[in-house]
Amino acid sequence: MPNPSQSVFESLSVASVDTRFSVFHELMARKIQEILLVANPYDAFILEEDGSLAARIINEYHGLNLSRPPRIIRATSGAEAMDRLDRHPFDLVLAMPNLKDTDPYRLAKAVKARKPKLPVVVLTHDPGGLGPEIDASPGDGIDQTFVWSGDSDLLLAIVKNAEDRLNVAADTQSANVRVLILVEDSPLYRSFLLPLIYREVVRQTQSVLDESLNEAHRLLKMRARPKILVAENFEQAMAMYAKFKPYVFGVVSDTRFPKCGKVDADAGIILLTQIKKEIPHLPLLLISSEPQNRARAESLQVQFVDKNDSRLFQEIRSFFLDFLGFGDFVFRAADGRELGRAASFRELEKLLPNISDEPIYYHACRNRFSNWFMARSEIALASILGRIPVSDFDDMDALRRFLVESIHTLRKNRQKGVVAQFSARDFDPAISDFTKIGNGSLGGKARGLAFFSHLLQSQVDFSKKYPDVEIVVPKTLVITTDGFDAFVLANNLSEIDSEKLSDGQIADRFQAAPLPADMVKNLGAFLERTEVPVSVRSSSLLEDAYHHPHAGLYKTYMIPNNHPSLDIRLQHLITAVKRVYASRFFKGPAMFSHATAFRARRDAMAVIIQQLMGRAYNDHFYPAISGVAQSWNYYPIGPMAAGDGIARIALGFGKAVVENEVDLRFSPRHPSAMPQFSKVADILSHAQQRFYALCLRGYDEAPGGDNESNLELRDVTDAQGEYPVRTLSSTYIVDEDRIRDSAAASGPKVMTFAQVLKYGRFPLAPLIDDLLTLGREGMGCDVEFEFCVDLAPDNSARDTFAVLQMRPMAAGEQHADVHVDEADRAGAVCYASQCLGNGLKTDMTDFIYVKPEAFDAAATVDIAGEIARLNAGLAAEKKRYLLAGPGRWGSADRWLGIPVRWPDIRQVGVMIEMRNRLLRADPSQGSHFFQQITAQGIFYATVTEGEADVFDWDWFRGQPAINETDHLRHLRLSDPFVVKADGHHGRCAILHPEASQRHSH
C-alpha cells in the first residue's frame, strides 16, 4: 500500500515557500472603492436613519479588520447619476426605486449601455414594490436585488459579494480559495441569508486569527476567506458549480426556484442530487418554507433547514460549524457524546493520538479534516488532504500518524522565515523558530538574522544538496525596541550620564529598576517551555546595519537555564536582559557614537534571546565548531582569490574567534591551502590549545561581574575523551615528528579539524561557500556571518549548522570601505599595487627600513638581529611601526629575504617587501607570518620598483633618523603616517605628511 506521507511533507515544504504568504498578497486584487448611491432624498434619509451610510460601512470594515472601506457618492436622480458616471470612475452602482426621472430597471440599462461590466445592485424597502419589469427581467441590466430592512450587515454583504464575483476566478486559480454557492431567487430571503453567511465566514476568519503568526499574516488570512457566489436560478447555479467545481466546499440551496425559465418546485432537489452524485461527501444544505421537504432532504442525505423555523439563524450557523469546518473540531461517539474538541492546530495535533479509530475514520471519509484546514486558510494542506482517500492507508494508526505529522509539519513550516508574534498561550518551542515580544524594531542584529532566516527558507535545494545537515537559525526570541523604551521611560533612565557614572554604577541603576510587568510575564511563559542554555545578546538600531560600525560594542551573556526553580531561571534571564540594556549607556558605546556621524541619532536597544547550539559533555556545554565566515578575503594567499571568501574556526564557543585568539583560517573554496599549517612546527605552534565552554554547574547566581557570560576556558587536553575533540583532533607522533590525522593514535592531540576539512566528516567548506554566496546575493554586498556546528555522535542523527548572525562586512570597523585612487598615489611616499589587508591606520609614527646602499644578501641574518633589537625597544615603548626591506620577510632561505622570526617583529603594524635590483624574489604574500598578520590585521604590501609602484627614497633619506644601525634607519615623525589599504583592489598607500594632515582634517 503506498504511503502518501513523504510526498505530502515535500509538498507542504514547497507550499510553505511558494504560497504561505506570497500568494495571499495576490488575493482580492480588485476592490470596490467607489460606490454610486442613486436614491431620492427620502430613501437616502431612511437608509441613513440617524447615522451616515458611509460611516456604517466604515465601522463594519474596521470591526472586521478589513482595509480600505469604500467611499459612497450620492446622486438623487438618473440624470445626475449618469453625469457622475461620465466624470468619475465607479466600482458599484447601488440604486433605489422611486427616482423622479427614472426607475432602477431603466437606470440599470442605461448604466450597462455605457459601462457593461459595472455591477448594478437594486436596494428596495418593499419586497413587493419592485415593479413588474424588475421581477420579469432579473438579469437584464440589474445584477442583484436586495431588500433593505435596516440591517447594516446587508451593505457590507453587498459590497463583499460584488468583490467576490470580481475576484473568484483569479483567486481560485492562484490560491485554491474555496467557494460557497448560495442558490436563492427571493430578494427577501437573499437579503437575510447573504449577510448571515458573511457574518459566519468573517466570524470564523476572526476566530482563527489568534493562530496567525503576526499582524501581516492576520491581514493576509482575511483575504483568503471563502468566496460566496449567489445564483438565482438553476442554470446559474450549475454554471457556477461546473466552473468552480474543484474549489466548491459547500452549497446552500433553496428548494423552489426558476429552472428552464419557469419556477420549479424540485429545482433544489435536482441540483443537490446531481452535485451529490459527483461529490458524495460535499456539505449540502437544503432550505425550504415547505416542511415536507425535510423527508426528501433526509432521503438524499443532505442537511435541511425550515425557512419558517424561529431558529433559522441558529440552524444555518450549526451547518457551518458542524459540516463546513467552522468553529472547533469536535469528535463524537456514535451516541453523540463529545470525545474531544480542538480549537487550534496545536490542540488537534495533541488530541488526535487519544481519539479512537471510528471518529477519525468518520471525519476522514467526509473530508472534514480538509474542510477544517481550509476554513482556516491553510490552503496547501487542505488541498492535499482532499485528494487522498482513506483507502490509501494501511490502517487507522497509519492515518492518525499521517494527520499528526502533517499538522506538525504545517505548523513548523509556516513559521520558517517568519517573525511571529510571541503568544504566551500558544508558544511552542518545537515549531517556533523566530518570535518577538512587542511591536517595535527588531534592531540591526536581529533584523539580519530574520532576513537570513527568510532567505534560507526560500532555498529548497539546500536540503537536497546537504541531506545530512540541518541548516538553521537557532530558536530566537526578540524583545523589540519598544520594550527598551518603556523600561527606560518608566524608570527615568534615559538621562544617565556615562561621563559621570562608571559602567558598574550604570549597571547597578539598571538592575534596581523593574522591567515592565507584561515583559516579565512573557519571559516567564517563554522559560516555562524552554529549558536549554540560551544567550542574551544586544540588537541595537544601528548594530550590523550598512556602513554603521556599531558591531561588537554591547554585551552578550550566556546562561545555562538549568536551575530546577523557574523563578530563579527567570531572575537570571531578567538580570541578563537588564545588563544588555545597561550596556547601551556604557562609556565605550557612548564615546564611539559621539565620535561618528551617528551621534545625533537615538540608538534604542532590542534584545535577542537565542537557544545556544551544541550539547552537554559532562559539566560543560559547547558546540563542536564555531566560526566567522566572510565573503571577501583581504589576505588571499597562494591559490586563493579575494572573492573566494575566508573562514575562521575554533573548537567550542566563538569567543576565541571573535576576540582574535587562536583559530584556524581557511578559504572555503581551498580548504587544503593553509599556510599556517605548512610545517609540523607551524601546526604545533598555531593549533588551538584552549577553548571556551559554558559551565553547567554551580550557577545559582545571575550573570555579572567579570564572569558575565559564565564561559570557562578549558584545555583541549582535558576534553580528549569528549566527542568533538576525538573527532576534530589529530595526533602528534613525537618519535616521527609528524602529524597523523586521527585521534585514535597515542600521543598529544592537536586541533587540526582534518576530519571536516580533508576527509568529509562534515561538509563545512562547501556549505560555508554556498551560504556566503546566498548572503552576498541577498544583501547585495559582501557579508560575514557567525556560525556554529553541532556534530551528532550518533550517526543516525543529523548534524546541525547554525547561523548565529549575518551582517554586511561594512558593518565592522575593520571592513570599512577604503579606496586608494590616483590622488592617493600622487600624494604617497609609498604606493603598492599588491597588498593584503583592508582599512585605515593612523596610529604609527615610526618607520624602519633597510638602507639599500648598505644591503648585502649575505648579511640578512645580521639585519634580522638588528631589527629584533629595534623591535624590542619599540615594544618597551608600546609603539607599533612600519617595516620595509628587500625580499621575503621571514624567509627560511637567507638569499631570498631577511629571515626574521615573529618575536623579532612582534610590534610591526605594516610590512613592506621590496622587489628591486637588490633582491627580486617572488612575493611571499606574507605566507611566513600568515597566522599573525591575519589575526592582527597587519597590512602586507609588495612594492615592485621600476613599475607603477612608488617608494620615495629621496623623501625617506631626507628625514632625520632617531636610530641608525649598519643596515637600518629608524624614523619617527611628529605626526602619524596615514596608511590606506584598499582590500577590494589590493592597493596600499602611505601618504606624505602634508597629505596625511589634509586627510586627518
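**Exercise 1. Charges over rings**

The charged end of which residue sits over the ring of Trp895?

Solution. First, a word on what you are looking at: this is a predicted model, where local features need pLDDT of at least 70, side-chain atom pairs count only at pLDDT 80 or more, and totals for chains, interfaces and linings use all residues. Residues are numbered from 1 along each chain as its sequence is written, and side-chain values use heavy atoms, with hydrogens and water left out.

Step 1: recall the rule, which asks for NZ of Lys or CZ of Arg within 6 Å of the ring centre and within 35 degrees of the ring normal. Step 2: go to Trp895, where the charged end of Arg894 sits over the ring, 5.5 Å from its centre.

**Exercise 2. Aromatic pairs**

How many aromatic pairs does a search of the whole structure find?

Solution. Step 1: rings of Phe, Tyr and Trp (its six-membered ring) pair if their centres lie within 6.5 Å; planes under 30 degrees apart are stacked, over 60 edge-to-face, and the rest tilted. Step 2: the search finds 36 such pairs. Step 3: take Phe510 and Phe585, a tilted pair with 5.5 Å centre to centre and 45° between the planes. Phe510 is in helix H23 (residues 503-512), while Phe585 is in the loop between helix H25 (566-583) and helix H26 (587-594), 75 residues apart. Helices here are DSSP runs (H or I, at least four residues), numbered from the N terminus.

Step 2: check burial, where buried means under 20% relative accessible area, exposed over 50%, and partly exposed in between (1.4 Å probe, protein chains only). Phe510 has 0% and Phe585 has 9%, so each counts as buried.

Step 3: compare the rule with Trp955 and Phe956. Their ring centres are 5.0 Å apart and their planes are at 85°, so this pair is edge-to-face.

**Exercise 3. The largest cavity**

Which residues lie closest to the centre of the largest cavity?

Solution. Step 1: a cavity is a set of points on a 1 Å grid over the protein atoms alone where a 1.4 Å probe fits but cannot get out; lining residues have an atom within 4 Å of a point. Step 2: the whole structure has six cavities of 30 Å³ or more, and the largest holds about 110 Å³ of space. Step 3: of its 13 lining residues, Ala364, Phe369, Leu385, Ile388 and Leu399 are the closest to the centre. Step 4: helix H17 (368-375), helix H18 (379-386) and helix H19 (396-413) each give two or more residues to this lining, with the largest share, three residues, coming from H19. Step 5: look at Ile388, in the loop between H18 and H19. Its relative accessibility is 18%, so Ile388 is buried.

**Exercise 4. A bent helix**

At which residue does helix H8 (residues 152-175) bend?

Solution. Step 1: a bend is the angle between axes fitted to the seven residues ending at a residue and the seven starting there. Step 2: H8 bends by about 55° at Asn167. Step 3: for its cover, 18 of the 24 residues of H8 are buried. Step 4: just after H8, Asn176 takes a positive phi of about 60°.

Technical notes:
On a 1 Å grid over the protein atoms alone, a cavity is a set of points where a 1.4 Å probe fits but cannot get out, and a pocket is an open set with protein on both sides within 12 Å along at least five of seven lines; lining residues have an atom within 4 Å of a point. Grid points are joined across faces, edges and corners, and a volume is the space filled by probe spheres set on the points.
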